[in-house]
Amino acid sequence: MAGKSTSGTDGGEGLGGQSDAVRAERNVRNTRDVEALKVFTHPLRLRVLRLLRSEGPATASGLARVLGATPSLISYHLRAMAKHGFIGEDPEASADGRERRWIAHNDLRFSTADFSGDEVAVEIADAVVLTAHADVTDLFEKSLRHVKTMGLDWQNASFSAAPALRLSAAELQSLYDELFAVVDRYRGRTGDADADGGPRERVQLELLGFPYTP
């Protein structure tokens, strides 16, 4: 599937793309190294990056408890992501010999257009997009059951929308930039409660925009 992808952004993953001007303004690094992109053909690495972006620095043991994996497996995936600069050791972690703490450096952002002419690279890019989409779909299906136990506020606030539009490529690009300008205002809210004391939960967004044939 051709297109652009943004994954791991403060807990958010989805399809979309940003104009060069918007990327420059936000200091966003697009991944153009196919070996770095290949790192995220494994869904667990997408989940690890999502948690580090949404909840801040964490140890392999802490991530393992949340994700239901072993610390050794998480450590293996952390090293793979660190090799390509997506994460690194937390410089503010204490140096007392305890388990190292990891922090996210870069989101996974790429455009298949950057790999045009390289069929293998395009296939890898498509595989990462489909892996991310399948992972979010799994989260959504679990949420359908879980949100019913969370009270009316969360049931009313949760949403799913699929508007059908008729746009040019330029208009679709502009729509994406505008949507992410809104999303940007909600990034970095990692506290346990909002200003009014309302409890915060992990929230996943998935933004898709693509031409289709009925």
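Predicted model: local features only at pLDDT ≥ 70, side-chain atom pairs only at ≥ 80, totals over all residues.
Residues are numbered from 1 along each chain as its sequence is written, and side-chain values use heavy atoms, with hydrogens and water left out.

The secondary structure comes to eight helices and six strands, where helices (H or I, at least four residues) and strands (E, at least two) are DSSP runs numbered from the N terminus. Read from the N terminus on, the elements follow the order β-β-α-α-α-β-α-α-β-β-β-α-α-α. Of the 214 residues in the chain, 33% are buried, that is, under 20% relative accessible area with a 1.4 Å probe, protein chains only. Among contacts with a separation of 6 or more, 66% join residues 24 or more positions apart, a contact being heavy atoms within 4.5 Å. Carbon and sulfur atoms hold 53% of an accessible surface of about 13,100 Å², computed by the Shrake-Rupley method with a 1.4 Å probe.

Two packed helices are described by the angle between their axes and the distance between the axes. Here axes are lines fitted to C-alpha atoms, for helices over the stretch in contact, and angles run from 0 to 180 degrees between N-to-C directions. Helix 3 (residues 43-55) packs with helix 4 (residues 60-67) at an angle of about 110°, the axes lying 11 Å apart, and the two helices are therefore roughly perpendicular, a class that spans 65 to 115 degrees. On the side of helix 3, Leu44, Arg47, Val48, Leu51 and Leu52 take part, and they meet Leu63, Val66 and Leu67 of helix 4. By class, this contact has seven nonpolar residues, no polar and one charged, with Ala, Val, Leu, Ile, Met, Phe, Trp, Tyr, Cys and Pro counted as nonpolar, Asp, Glu, Lys and Arg as charged, and the others, Gly among them, as polar.

Helix 3 also packs with helix 5 (residues 71-83), where the axes come within 10 Å and cross at roughly 80°, so this pair, too, is roughly perpendicular.

Within helix 4, the buried residues are Ala60, Gly62, Leu63 and Ala64, and their cover includes helix 3, strand 3 (58-59), helix 5 and strand 5 (101-104). After helix 4 comes Gly68, with a positive phi near 70°.

Terms used:
Parallel < 35°, antiparallel > 145°, perpendicular 65-115°, else oblique. Buried < 20%, exposed > 50% of the residue type's maximum accessible area, 1.4 Å probe, protein only.
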